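Visitor: I would like to learn how to read a model of protein with DNA and metal ions. Where do we begin?

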2 protein chains.
Amino acid sequence: MRRSDASAQIVATSTVENYLKHLLLLAEDGETLVPMGALAAALEVVPGTATTMVKALADEGLVLHRPRLGVRLTPEGRRVALNVLRKHRLVETFLVHVLKMDWAKVHDEAEQLEHAISDEVLDRLDALLGHPQTDPHGDPIPSRQGKLHSQVYATLATCTLDRSVRIVRITDQSPEFLQFAEQHGLQPGTALRVADRNLPAGLLALRRSGSSAAASLSLVAAGKILVEPAR
Amino acid sequence: MRRSDASAQIVATSTVENYLKHLLLLAEDGETLVPMGALAAALEVVPGTATTMVKALADEGLVLHRPRLGVRLTPEGRRVALNVLRKHRLVETFLVHVLKMDWAKVHDEAEQLEHAISDEVLDRLDALLGHPQTDPHGDPIPSRQGKLHSQVYATLATCTLDRSVRIVRITDQSPEFLQFAEQHGLQPGTALRVADRNLPAGLLALRRSGSSAAASLSLVAAGKILVEPAR
DNA sequence: TGATTTATTTTGACTAATCAAAATACCGGC
DNA sequence: GCCGGTATTTTGATTAGTCAAAATAAATCA
Ligand SMILES: [Mn+2]
Ligand SMILES: [Mn+2]
Ligand SMILES: [Mn+2]
Ligand SMILES: [Mn+2]
C-alpha cells in the first residue's frame, strides 16, 4: 500500500534522508549523474552498501539508478532532500545565532538534529531567526518552497588582485578549517583584498579592509573561500 | 573492548535511551522492580521484545533483570536515563517558551529530539531558559547532577474542599487531555478551589480564584491534576 | 492437590543497514 | 581484439530491533 501523491508525506529513515541529502550536495542541479563511488565516499560506507541502498531508493521512486553510470534524485527525492538540507542549515543558524555555539561545531550537531525536528519546528525556527537566506558558513538555505538559490562566486584564489571583496561563503565545513578561518577573521561579511599572489610558492597575501593587518594563506585554502565584489 | 568507568560516555541508541527513560518513569525511586509487561506496554512493544532487550541491557550493566519478577535500573542506567529525561523536559520547555508551540504537541516532538541533542546543546538550552525547575506540564527537570526532586502532591480529586490551591502539575501528557486542560485554564500556576465534590456522580465543581466562573470536572480527570496549597 | 489462567520467556522469522570479499563490467592502451 | 586496471555490483554474513506463536513458570482457584 504505497502512497506517492503530492499530499502524502514520505516517511524516510535518517539513513534515507542522509543518502538523499548527499546526492543533492553532490549534484545540486539534479541532472548530473553521481558516480556510486562518490556517493559511497560522501556517506562513509563501502561502495557495495551504497549500491544496495540506491537500488532500494530507486524502488521507492526517490532516485534514478543508471547501473554502472551513476545515480540522481527524482523530483520527489529532491523535494525530500531539500527539506532535510533546509533543516540542517536552519539548525546550524539557530545554534550559532541563538545558542552562541562555535560555528566549527554546529555541523556535526545539525547532522543529527536535521532528522529529529518536525516541519512545524522548522517553520518556527525560520520565523524566530527572521527567515535567513544563508547559514553561518554562507551556505544558502533552501526556501520553504524548495528553491535553492546557489550562485557561482569567485574565490580568494581566483578573484582580481587588489580589488576589495567581501567573503560570502566558506565551502570547507571541517572543524579544523573553520577554526582556522575564524582565528584569522575570515568569515562571511569580512571585507578584504588580495594584495599579492605568488603562484610558484602557492601563497597569497591578504589585506583586511580598514586595517593594515596582513595575513598569508595557501592557494588551496584560498580556493575554499568564496567572495563577491565589495560594495 | 567495553568501557564503563565514570568518564566514559555510554553510547546508547535511541531505543536503549527509550527503554532506560521509561524504566525511570515507571520506578522513579529506582528500587521498585518494574514488571516486564508494564515496560513492554509503556514502550508499545510485545512482551517478548522487552524481555530480549532487557537481557541485552543487563549485559551492558544498565539494568538489573530478576527473571519473572521484573527489572530495574542500575546506577549507571539511571544516570543515562536522567540525562535523557532532562533533555526531554528542557526541550519541551524550549518549544513552549521560545518557539511558542502548543503544549499539547511538544511531548511527541521531544520524544525524537531527546535523542538528537548533545550535552553541550543541553547546557546552552538550560542557560537560555534560565535553568527552569519544571517543564510546561509541571514535570520536574532533573538537575545536571542527576537530582530529580519529585514531590508528592495532592490532586484536585483529593485536596481539601473550598481551600484555595494552585495547580503544579498535569500528569496526563496526552494531547487530548492537555488540550482540554488548556481550554479550561487548567495549567500550572492557576489558582482555584474545589467548591463541591459529588462522589456518586463522579463529578466536582471548580471555582477559579478572582472570578465567578465555574466549571465541572470528572473525578478521573481531577486525579490527573496535582495541586499545592495556594500562597 | 490438581486444573486453569496469566505473565514471562524462548524460538524462529523478518527488516534495515552495514561490511568483506568475490564476480562482473567497462575503460584505455596496445 | 585481447589485457590489465578500476569502478561497480553481487553474494554471504552480521547486528539491532522487532513480532508471532509456542513453551514455561507462577499465581489463582476449586
Ligand atoms: Mn544527517
Ligand atoms: Mn553550513
Ligand atoms: Mn524518545
Ligand atoms: Mn512534560
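Guide: What follows takes the conventions, the chain, the copies, the DNA and the metal sites in turn.

Visitor: Which conventions apply?

Guide: This is a predicted model, in which local features need pLDDT of at least 70 and side-chain atom pairs count only at pLDDT 80 or more, while totals for chains, interfaces and linings use all residues. Residues are numbered from 1 along each chain as its sequence is written, chains are lettered from A and ligands numbered from 1 in the order in which they are written, and side-chain values use heavy atoms, with hydrogens and water left out.

Visitor: How many helices and strands are there in chain A?

Guide: Helices (H or I, at least four residues) and strands (E, at least two) are DSSP runs, numbered from the N terminus. Chain A has eight helices and eight strands. Along the principal axes, its C-alpha atoms fill a box of roughly 65 × 45 × 25 Å.

Visitor: Which contacts does B:His22 make beyond its sequence neighbours?

Guide: B:His22 lies in helix H1 of chain B and is buried, with a relative accessible area of 17%. Leaving aside neighbours within four places in sequence, B:His22 is in contact with B:Leu39, B:Ala42 and B:Leu43.

Visitor: What rotation superposes chain B on chain A?

Guide: Copies are superposed by least squares on the C-alpha atoms of residues with pLDDT of at least 70 in both. Here a rotation of 180° with 0.0 Å of shift along its axis does it, at an RMSD of 0.0 Å. The two copies are therefore related as by a two-fold rotation axis. Both copies use the same surface, since 100% of the contact residues of chain B recur in chain A. The residue of chain B closest to the rotation axis is B:Ala116, whose C-alpha is 3.3 Å from it.

Visitor: Which residues come nearest to DNA strand C?

Guide: A residue is near a molecule or strand if one of its heavy atoms lies within 4 Å of it. There are 20 residues around DNA strand C, and A:Thr13, A:Thr49, B:Gly37, B:Lys55 and B:Arg68 come nearest. Of the atoms of DNA strand C within 4 Å of the protein, 76% belong to sugar and phosphate.

Visitor: Which elements supply that surface, and what classes of residue does it have?

Guide: Helix H1 (14-26) and helix H3 (47-59) of chain A, and helix H2 (36-43) and helix H3 (47-59) of chain B, each supply at least two residues. H3(B) gives the largest share, four residues. For classes, Ala, Val, Leu, Ile, Met, Phe, Trp, Tyr, Cys and Pro count as nonpolar, Asp, Glu, Lys and Arg as charged, and the others, Gly among them, as polar. The surface near DNA strand C has eight nonpolar, eight polar and four charged residues.

Visitor: Where do N or O atoms of the protein meet phosphate oxygens of DNA strand C?

Guide: A polar contact is a pair of N or O atoms within 3.5 Å; within protein, one must be able to donate a hydrogen and the other to accept it, and residues adjacent in sequence count only if both atoms are side-chain atoms. A polar backbone atom of B:Gly37 is 2.8 Å from a phosphate oxygen of DNA strand C. Side chains take part too: an N or O atom of B:Thr51 is at 2.9 Å, and a polar atom of A:Tyr19 at 3.3 Å.

Visitor: Which residues are closest to DNA strand D?

Guide: Of 19 residues around DNA strand D, the closest are A:Gly37, A:Lys55, A:Arg68, B:Thr13 and B:Thr49.

Visitor: Which protein donors hold the manganese ions?

Guide: Donors are N, O and S atoms within 2.8 Å of the metal (3.2 Å for Na, K and Ca); water is not among the atoms, so sites may look incomplete. For the manganese ion (ligand 1), they are A:Asn18 (OD1), A:Glu111 (O), A:Glu111 (OE), A:Glu114 (OE) and A:His115 (NE2), at 2.0 to 2.4 Å. A:Asn18 lies in helix H1 of chain A and A:Glu111 in helix H5 (residues 106-113) of chain A, so the pair ties together parts that are 93 residues apart in sequence. The manganese ion (ligand 2) is coordinated by A:Glu92 (OE), A:Asp135 (OD), A:His137 (ND1) and A:Asp139 (OD), at 2.2 to 2.6 Å. A:His137 and A:Asp139 are both buried.

Methods:
Contact means heavy atoms within 4.5 Å. Buried means under 20% relative accessible area, exposed over 50%, partly exposed in between (1.4 Å probe, protein chains only).
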